[in-house]
Amino acid sequence: MRKGILEYCVLLIISKGEIYASDIIAELKKAKLLVVEGTLYPLLTRLKNNGLLSYNWVESTSGPPRKYYLLTAEGKEILNKLDITWMELSYAIETSKQTKS
Amino acid sequence: MKKTLNINIGNSIILIEEDAYEMLTGYLNEIKFHFSKNADHFEIVTDIENRIAEMFREMLLQQQKQVIGIDDVQLVIAQMGSVKDFENADEAEGGIYEETISGVKKLYRDTDDAYIAGVCSGLGHYANIEAKWFRLMFLVSFFFAGSGIVVYLIMWILIPRAATRSQRMYMKGEAVNLHGFIRNFEEELAGNQLISRSRGFFVELAEAVGRIVRTLGKTFFKVVAWLIIILGSCFFLAMLVGMAVFLGFSDANPNEYFPLNIVNDAYLSSMVFAFFVALAIPIIALVLFAIRVAFNSRAINRTVSFGLLVVWLGGVMLSIFYITKVASEFKEEAEFSQVRELKKYDAYTLTLDRSRFFSRADSVKYQINSDKYRGKVILNDMDDPYNLPRNVRLNIEKSENGLVTLTQNNSSHGKTFEAALSHAQNIHYDFSQQDSLLNFSPFLQLNRNTKWRDQEVTLTLKVPVGVKLILNEEMDLFSYSFDYWSCEDHGAPKAWVMTEEGLKCTKP
C-alpha cells in the first residue's frame, strides 16, 4: 500500500531545506509513516546513489560532525514528476469518491 | 556490581556494561548480515552506528549517568527497529517512485558487458535472462554452418549501442532499479551523440577483435598454467614416492643398475637426496608460478620462497660436490694383460656363448644348490644387472710366431692407481675352447656390489696366415672391432681367412 510513498515523503521533507537524518525521522514519525529508524538509512543511501540527494558534513556542538541531506537538481526534477503522479492519483481517487456518493 | 567496557562507536567513546555490550554486538552483527547483500552496506551500517552513538550520548546527558545499561540498549533497538522490520520495509519499496523514474524496456547492445559487441548481453537484459544462455546459443549455432555468425553480425549492425545513461536504463528496464539514472538528460544526450558518431561499426569491430584476442590469450595461458600445475604436481609426487622407495630399500636391486652402480654406497643416499632437492624445487617453483597465473594470487609469501631458494642452492651445491667426488673415482687408469695359447687347428668357429660361469656369490644369489637349478644352466640371462655397460672388444690379428694366442687385456679406472688395478683384476670374463670351437661371452662380469669404474676387456686373437675363421652370426656384437659386414653372405656363417694383409672374406 505504501509502495513508493516513503521515498516521496522523504524527498518532500528534504526539499524544505538541508536537514539532519534524525530530524527526518522526527518528521516521518509525526506523519506516522516510519515506525523504526533503521529503515531510513538504506533508503537515504539509495536515493543518494541514484543522484537525487547529496549531503554535507556539519559540525555539531555535541559529538562528531553530522550528515545534513539536501536535494540535487535531479532530485527536484523527480520530485516534480512525483508531484504530478501524486496529483493524478489523488484526482483519480477524489473523482472516484465523488461519483460514488 | 557489573563489569563495564569502553567502546568506540560512531567516533564516540562510550562506557557500556558487559551484558549491554553483548546485546549491542549481537544486534549490530544482525544488521551487518542483513545489509551485506546491499552494495552500499558499509555506508548504511556506518550511518546506523553513528545514530546509535548519538542516542547513547543523549541518554547519558539526559539521565545524568556514566554508563549505558542493558535497558538503554533495548530502547535503542526498539527505536532503530529489528532486522524483521527492515525486511518488511524492503517489500514496500518500489511503487509510484520507481515507476516515475524507470522507463519502458528497449533493446540495446550492452557494450559494458560484452565479449564481442554486447548483442547477447543486450538480448539478456531485454528478455530478462542471463546473457550466458544467449552466448551459449550463439556458440552452438556457430557449429551449424556458421549461421549464428551471420545472425550475430546483422543484429550487431541493426541494434544500437546503449550509449547514454538513459539508454542503458531503458535497456535494463525495471530489472535494475535506479542505477545509473539520467544526470542532466539533454546535456548528456548531446555529448554522447558526438561520441556515438565517432564510434563507427569498424572501430567497434576492431575493439571487439582486440577483446576476443585478449580473452583467448588469457584462456590459453590459464589452460597452460593448469597443465603445468597438474603435470608438475604429478611429477613432484612421483619423485617424492620414488625417493622414499629408494631410500627405504636402498640395499635392494636398483643400485646395481646403471647409472646408480657408479656411485659408492656410502654416499648414495645423500647424493640421491641432493639431486632430489635440486630437481624438485624448480618444479615446485614452476607449479607455484603457474598457480599465480591461474588464480592471480600468490600461493606463498616472500620469506618462504626465499627459504626455498636457499634450500635449492644447498641442494645444487651438494649435488655438484658429489658429482666431483664420483668423477674423482675415475681419475687413474690401470690395465694388465694375460696371454694364453690355444690349441692349433686349421679352422676355428667363433661363437657367442651367453651362458655364464657362476662365482660363489652367484651360487648364493641364485640358490644354485637348491633342487630348482640342479643340472641346469642359465642361458641368455639378459636381465642380469652386469649387462650394462658391456665393454668387451675383440680384435683379430695376424700371428707372427705361428702360434694361436688370445690376449685378454683388463683395464679400469679408479681413484688411485692401486684401486684401478684392483678393479681391473676383479673383472671376470668367460672364454672357453672346445676343440676348434671358441666360445666368447658377450659381457664381462663384476663381483656383486662392485661399482662400475669403466671396466673394459679387450681381446686380441692372433692366428697365423692361412687359418680359416668361421664367425657365428651373433658375433656381429663385436662388429665394431673389424669390418664384419664387408663379408656379405646372408644367412650362412661368415667365413674368413687370415692373409698377409690381414683378415679377408672367403666365399665358402
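**Sheet, helix and core in a predicted model**

In chain B, strand E3 and strand E6 (residues 405-414) run antiparallel and are joined by 10 bridges. This is a predicted model. One facing pair across these two strands is Ala334(B), which stands opposite Ser412(B) in E6(B). The pair of strands belongs to an open sheet of 4 strands in chain B, with the order E3-E6-E9-E5 and mixed pairing. Strand E3 (332-341) and strand E5 (392-398) of chain B each have a single partner strand, so they stand at the edges and one side of each is left without a neighbour in the sheet. From one strand to the next, the twist averages 20 degrees.

Next comes a helix of chain B, H3, which spans residues 70-80. Which of its residues are buried? They are Asp72(B), Val73(B), Val76(B) and Met80(B). Seen down the axis of H3(B), these buried residues fall within an arc of 100 degrees, so they line one face of the helix. The spacing can be read against a general rule: an α-helix has 3.6 residues a turn, so residues three or four places apart point the same way. On the other side of H3(B), Asp71(B) and Ala78(B) are exposed. The cover over the buried residues of H3(B) includes helix H1 (18-35) and helix H2 (41-62) of chain B. After H3(B) comes Gly81(B), with a positive phi near 95 degrees.

Two of the buried residues of H3(B), Val76(B) and Met80(B), are touched by Ile52(B), which also touches Ile9(B) and Gly10(B), leaving aside residues up to four places away in sequence. Ile52(B) is in turn part of the largest nonpolar core, which has 38 residues. Within that core, Ile52(B) is among the residues that touch the most other members, together with Val10(A), Leu11(A), Ile14(A), Leu40(A), Leu44(A) and Leu53(A). Another core, of 13 residues, lies apart from it and includes Leu438(B), Phe440(B), Leu469(B) and Leu503(B). In soluble globular proteins, nonpolar side chains tend to be buried together.

A last stop is Ala208(B), in helix H11 (residues 201-248) of chain B. Is Ala208(B) buried, exposed or partly exposed? With 17 other C-beta atoms within 10 Å, Ala208(B) is partly exposed. Not counting residues up to four places away in sequence, Ala208(B) touches Ile116(B) and Ala117(B). Ala208(B) and Tyr115(B) are 93 residues apart in sequence, yet their C-alpha atoms are 7.3 Å apart in space.

Terms used: Residues numbered from 1 in each chain as written. Chains lettered and ligands numbered in written order. Predicted model: local features only at pLDDT ≥ 70, side-chain atom pairs only at ≥ 80, totals over all residues. Pairing = 2+ DSSP bridges. Axes fitted to C-alpha atoms, helices over the stretch in contact; angles between N-to-C directions. Buried ≥ 20, exposed ≤ 12 C-beta atoms within 10 Å, placed from the backbone. Arc of directions from axis to C-beta. Contact = placed C-beta atoms within 7 Å. Core = buried A, V, L, I, M, F, W, Y, C linked by C-beta atoms within 7 Å.
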